[in-house]
Amino acid sequence: MTDRNKRLLARGAALAVLVVTATGVGVAQAAASPPPLAFVAATNAVTAERYVYDDEVWLSFDLGLHVIAGKDPFEIWAHRTGYDKPIAAERVVTQNGKKKKVALPAGTVTDFTGLKDFTTISIADATGAVVQEYKTSFCGNSWSSARTRPDAPATTPYPTQCGGEWNPFTLGAVWGIQAGWDSAVPDQPYSREGTSLDLSRPASTPPPLR
């Protein structure tokens, strides 16, 4: 099958309604002083394309979701003392000009892909019936991180990956968003096996995430 025929066969574009909620952050609003952390979406309408090729089915879309850090960086330290030990995580905060670490609640970080269940994404059909719902993690480290305002620092010290995507032997990681910079929010399920999101699965059956 030629690439052209493959594209023609696959182009079964379907409009979907996608509803996203985030844990612990609010929608960004214009203000003289930026919020410590803002959750923003580039648009409220997204066209999702569902592709079918042989026995493979996958969904392609980009929700344009981002988290923007305020006047201080957003920074998380995650670590464990052994491979069989739970992960502890702290957020670095600035108070009265001094930095200190504040422990995150147990269960907030369960692996090195980021903050667990940071977003909940629901996909509904034209009748409003939910056909799929899943959660994604978020760490803040991103290849596409960029400045969002003129007074933001020129560079960011944070890595471009979370650190635990492909390395099961990770013992520690630093995640962050530079002050005034943004970080893209994952909008599709993460799978080490490369499994794609399939709308043919009923909403009651969660997609394979990890």
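This is a predicted model: local features need pLDDT of at least 70, side-chain atom pairs count only at pLDDT 80 or more; totals for chains, interfaces and linings use all residues.
How many bridges join strand 8 and strand 14, and in which sense do the two strands pair?

**View 1. Strand 8 beside strand 14.** Strand 8, made of residues 74–79, pairs with strand 14 over six bridges, and the sense of this pairing is antiparallel.

**View 2. Strand 8 beside strand 9.** Strand 8 also pairs with strand 9, which covers residues 88–95, and here five bridges link the two strands in the antiparallel sense. Within this pair, W77 stands opposite E90 of strand 9. In general, the strands of a sheet pair through backbone hydrogen bonds, and the arrangement may be either parallel or antiparallel.

**View 3. The hairpin of strands 9 and 10.** Strand 9 pairs with strand 10 over six bridges, again in the antiparallel sense, and the two strands form a hairpin that has two residues between them. In the turn, N96 has a positive phi of about 55°. Further along the pair, E90 stands opposite A103 in strand 10, while E90 is also the residue of strand 9 that stands opposite W77.

View 4. Taken together, four strands form an open sheet in the order 10-9-8-14, with antiparallel pairing. Strand 10 (98–103) and strand 14 (172–177) each have a single partner strand and therefore stand at the edges, so that one side of each is left without a neighbour in the sheet. From one strand to the next, the twist averages 25°.

View 5. Y83, F169 and L171 make a nonpolar surface patch of about 340 Å². L171 belongs to the loop that lies between strand 13 (146–147) and strand 14. L171 has a relative accessibility of 38%, which lies between the limits of 20% for buried and 50% for exposed residues, and therefore it counts as partly exposed.

**View 6. The protein chain as a whole.** The secondary structure of the protein chain comes to one helix and 15 strands. The chain has 210 residues, of which 36% count as buried, and its accessible surface comes to about 12200 Å², with 55% of that area belonging to carbon and sulfur atoms. Among contacts in the protein chain with a separation of 6 or more, 63% are between residues 24 or more positions apart.

Methods:
Residues are numbered from 1 along each chain as its sequence is written. Side-chain values use heavy atoms; hydrogens and water are left out. Two strands pair if DSSP finds at least two bridges between them. Axes are lines fitted to C-alpha atoms, for helices over the stretch in contact, and angles run from 0 to 180 degrees between N-to-C directions. Buried means under 20% relative accessible area, exposed over 50%, partly exposed in between (1.4 Å probe, protein chains only). Contact means heavy atoms within 4.5 Å. Accessible areas come from the Shrake-Rupley method with a 1.4 Å probe; for residues, only the protein chains shown count as cover. Patches are made of residues with over 30% relative accessible area and no salt bridge: like charges are joined within 9 Å, nonpolar side chains (Val, Leu, Ile, Met, Phe, Trp, Tyr) within 5 Å. A salt bridge is a side-chain nitrogen of Lys or Arg within 4 Å of a carboxyl oxygen of Asp or Glu.
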